[in-house]
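Work through the following exercises with the model open beside you, and try each task before reading its solution.

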Amino acid sequence: MITTLTPADLPEHAGSLLQQGFRLALVAGHDDGDRLRAVYLFTAAPDRRVELHVPLDPDTPEVPSLARLSFAAGRFEREMHDLFGIVPTDHPLPQRLVRHFHWPRGWYPMLADAGDPPEFGDVDGPYPFRTVEGPGVYEIPVGPVHAGMIGPGHFRFSVVGETILNLKARLWFVHRGLEKLFHRRTPEHGIELAERVSGDTSVGHTLAFCLAVEDAHQLAVPEDAQRIRAILLELERLYNHITDIGALCNDVAYSVLNAHSQRVRERLLRINDTVTGHRLLRGAIHPGGATVTALPDPRELAAIGADVAEIVALALSNTVVADRFTGTAPLSHDQATDLGTLGVVARASGLTTDARHDHPFLSAEFPRTTHTRTDGDVLSRFLVRAEEFTSSISQITSLADMLGGRTSATAPVTTGTGRSGVGIVEGWRGTIVHRVELAGDGSLNRVKIVDPSFFNWPALPVALADTIVPDFPLTNKSFNLSYAGNDL
Amino acid sequence: MSALGVVGGVVQPVLIVAGSPLLVGLMRQVRARLEGRAGAGVAQPWRDLRKLMRKEQITPRGTSEVFRLAPLVLVATTLVVAVVAPFVTTDSALDPAADLFAVVALLALGAVALALAGLDTGTAFGGMGASREMTILALVEPTLLVAIFALSVRVGSTNLGAIVSSTLDDPARVISPVSLLAAVALILVIIAETGRLPVDNPSTHLELTMVHEAMVLEYAGPDLALVELASAMRLSVFLGLLANLFLPWGIAATATPVALLVGILALVVKVGVLGVLLAAGEVFVAKLRLFRVPELLAGSFLLALLAVAASFFLV
């Protein structure tokens, strides 16, 4: 459902949607040539989607801020301001978000006439970190270059003794202009970009992109293709969840379990390779269908499931590991709801959000995974992953059964006129949303990508309040948010 | 100064300098194999030291002489302990320095020098590591003193050589409650002092959880090599002291070549076995939450105190 509004009507409509239990899933700016346009996508379970389109005057592009209605809206608006120059009026925190302070003032990279990036300069001064003052308070700056193999993020801890008073996570160090790269590509050529939005979420982002393109074309995809896609989505969940389970053990120096998790991960990557010809599951999903070279062997997956169950049991039977996990960095149900967290993080805090059930693309229904512990601490996030691992294996097994050996299915691709579409997928981190607009010739006019990390990053400092500094790496790993998916 | 002491004073430091990196390599290899990994080989720490030694000398801007001298102080103090304490021979090259208090003070001096260097860098990590190290050191040193003191009560001397000799004369002492309590206390203290699990993780890359590694984060090249060598030497020295205080057999009491050879072999075997046991034990433990470390160390202090009490009441 699409409604076009004037800026003045926006807060009322948005407020009433939020009241009805919708969440703000995506906000995108658009440059339509003669005017600018802001698009707000609201979603709710069961699969309901409402779009509010707000055309704007290109000379004074202003929208009333929704930051007081929804926390996520405030961040989306800052992003839109940085990329399109659309000003959210009356925003409580109007400073830059995506573009760092050395980007020139008044240059907005997503506008059609933006041109090449200009020279960097120190135009708006240093980033205004909140300084915490008081006896014994000191700051620990970490990053953006880290000792391990992780993305670039700068963390500024304000600490008393070892207790964290305030943490500011500064991201967006490597803006790639990814959304702009989609511009003027055909959807088929957009796949290679979608696969690389976040390296460990190839399937999640590619699938969301394809669902959005198919939605724009009103294309009915064969059920077999959706089943193959669902299998690939769960395979991606498997190898990432076991990596995290091992990494959490490694962060409390219980490295023997990490060694075994790595062994299991390697087995899963080799299964991925036999299924798609690519260890990270690339190249199998395309608009209209999916093709694999083989289906995963259920017996091998069952053996892996037993292996992982043993790893999890060994981890939790070690009292020191259990002590380090239990009660560490809790994110309460209320905090998780207010911040709009998604995926593993949300479910560990007791939320039931899961796009596989709220926005299913598959007609077969699987029961929701029940989670035994939802206290929002590191242990809950560890267990949510372990429990999802088990249910993913059983889903793959029954989906493979339904497919009965068929490894390919494709709908005839129609080249329709310019329309827009939305794709919603539960990736292994959480709900991924893509929204595409097609031009008259069927090429991509605008692709907006929302990774769940965009919603979950602000939850990390909240969970860390009153946690001790040496527990930060463990907590960070239990969230395991994407830098690349966040910084497009 | 006896001939035996002089020989010991020459053999011991050579043995400890040459052997310490191999001990670290052995421990890493044992751990790797138990975890199902191939491991880098026993000689890897020596290869790392050679690589670091060939690099140019670099010190961060804004650091003072404290930062530059700390690795030297650390190596020097550990070397003195390696010379004087009874590792291969019962007699010491410098008998007054083979004293319980002198040895503990020397080892603490090295640790304090490194903590000062960590503070001198002015970085958050240096200060954080130094503060954590000092917290642990303040809890470790009393235990260390009290535990060894428990052993010295019956001998009537705090001279380490005398303690070792008297155990050799009266082997039954080893299984006395005093010895056992003191041994457990000392093992806990050594684990904390040398930065092993569950107190510190020597192989972590996570800056924010480090203790020892955070202090030395700014060192590079030859300075880092000295720090790494000294850390390995401290581990050997502690394990050597533990071995000889409780199981002194094999140590050379005469200056004959055969006795010396046996003494060297005995030390290598004892320290090697202790290192392997420590590494194997580390596979099964995770790192404690930082604020749980004082509880562990308080426990070890209690054991040491009980050992002293037992040495008075259970003679």
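A residue counts as buried if 20 or more other C-beta atoms lie within 10 Å of its own, as exposed if 12 or fewer do, and as partly exposed in between, with C-beta atoms placed from the backbone. This is a predicted model, in which local features need pLDDT of at least 70 and side-chain atom pairs count only at pLDDT 80 or more, while totals for chains, interfaces and linings use all residues. Residues are numbered from 1 along each chain as its sequence is written, and chains are lettered from A and ligands numbered from 1 in the order in which they are written.

**Exercise 1.** Determine whether A:Arg184 is buried or exposed.

Solution. Begin with the backbone: phi of A:Arg184 is near 75°, a positive value in a residue other than glycine. Most residues other than glycine have a negative phi. Finally, A:Arg184 is exposed, because 12 other C-beta atoms lie within 10 Å.

**Exercise 2.** Find where A:Pro46 lies and describe the peptide bond that joins A:Ala45 to it.

Solution. A:Pro46 sits in the loop between strand E3 (36-44) and strand E4 (48-56) of chain A. The bond joining A:Ala45 and A:Pro46 is cis, with omega about -10°.

Definitions and conventions: Helices (H or I, at least four residues) and strands (E, at least two) are DSSP runs, numbered from the N terminus.
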